[in-house]
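Open the model in your viewer and keep the sequence panel at hand. The tour goes from one selection to the next and says what is found at each stop.

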Amino acid sequence: TRTGSCAGTPVADLMYVVAISKVIFKFRKRLEADELNSSIEVAGVTCDLLDVGYVDDTAIPIVASCAELVNKTTMIAKTACAVFASFFMQLNFNPGKSEAMATWRGKGAKLERRRLARDGNVSSFYTCEHMYQLRFVDRYRHLGTVTTVCNNDNAEVAIRSTILRTEARKLANNILGNECITAKRRCDLATCYIWSKGLFQCGTWARLACPTYKRIHGAIMYVY
C-alpha cells in the first residue's frame, strides 16, 4: 500500500510473518550446523524439539545435561544475535524481553542452580562487537500471562481473580447493577469487557488444584 498497514491488522501480521520467516529459517539452519538443536526420547522414538512462534515472539525449547544447560542456552542466544544482526536487527535483552527459564533435574542439579545464582542468574556473552547479558528468570510474562519455572499457576490465578473483582466493581453501579439494562445485555457486556481481561488465555493453564480452582471460580461468581 502507499501508506503502509497499521500494526495489528491482518495484512500487517501476514507481511511480518512472511518477512521474519527468512530470519527464522536461517536461525534454524545455524542451530543445526552448530549442533545446538534439542530432542527428547518418547517410547523409544527420538523427537526433535522445534521453536514455537506467535507472530513476533518465539520460544525455543532446550534440553541438555545439568552441566551444559546454561552454556547451551547462552550459545543459542549468541547465535540468535548473530543471525538477527545479519539482517540489521538487534535483539532486546532488557528485563521482560529476551530471557531464559531453566530447570534442572537429576545429578548435579543443585550445584548448577547454585552456580547460576552465584553469577546473579545472568550469563554474559560477546558477539557482533557488543556485550550482552542473558537473564535466567523464574517467571516470564507474555501477553499478560505469567509462566513460571515450576509451572505453578497460583500467582497467575491470584492476579486474574483480582482483575475480575476489580473490573466488576468498576461496572457495578452503572452497568451490572443497572436494571434499565436487560440481563442478557449485562451478561454480554461482562463477557466482552470483564472475561476478555480476567480470563485471557486461561485455556493454556494446566489443571488447577482444588483451592486454586475455587479462587478463580469465586471471582467469576462475584461478577454474577
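## Stops along the chain

Begin with isoleucine 40, which sits in strand β1, residues 38–42; strands here are DSSP runs of E with at least two residues, helices are runs of H or I with at least four, and both are numbered from the N terminus. This is a predicted model, in which local features need pLDDT of at least 70 and side-chain atom pairs count only at pLDDT 80 or more, while totals for chains, interfaces and linings use all residues. Residues are numbered from 1 along each chain as its sequence is written, and side-chain values use heavy atoms, with hydrogens and water left out.

Isoleucine 40 has a relative accessible area of 36%, so it is partly exposed. The classes are buried for under 20% relative accessible area, exposed for over 50% and partly exposed in between, with a 1.4 Å probe and protein chains only.

Next, select alanine 43, in the loop between β1 and β2 (45–49). Its phi is positive, about 55°, although alanine 43 is not a glycine. Alanine 43 is exposed, at 80% relative accessibility.

Move to threonine 73 in helix α2, residues 69–86. Is threonine 73 buried or exposed? Its relative accessible area is 10%, so threonine 73 is buried. Leaving out residues up to four places away in sequence, threonine 73 touches Ile62, Ala100, Leu134 and Phe136, where contact means heavy atoms within 4.5 Å.

Phenylalanine 88 is found in the loop between α2 and α3 (109–118). Phenylalanine 88 also has a positive phi, near 60°, and is not glycine. With a relative accessible area of 79%, phenylalanine 88 is exposed.

Finish with the cysteines. A disulfide is a pair of cysteine sulfur atoms within 2.5 Å, and the count is zero. For cysteine 180 the closest cysteine sulfur is in cysteine 187, 16 Å away and therefore too far for a bond. Cysteine 180 is exposed at 76%. Cysteine 202 has its closest cysteine sulfur in cysteine 192, at 16 Å, again too far for a bond. Cysteine 202 is partly exposed, at 29% relative accessibility.
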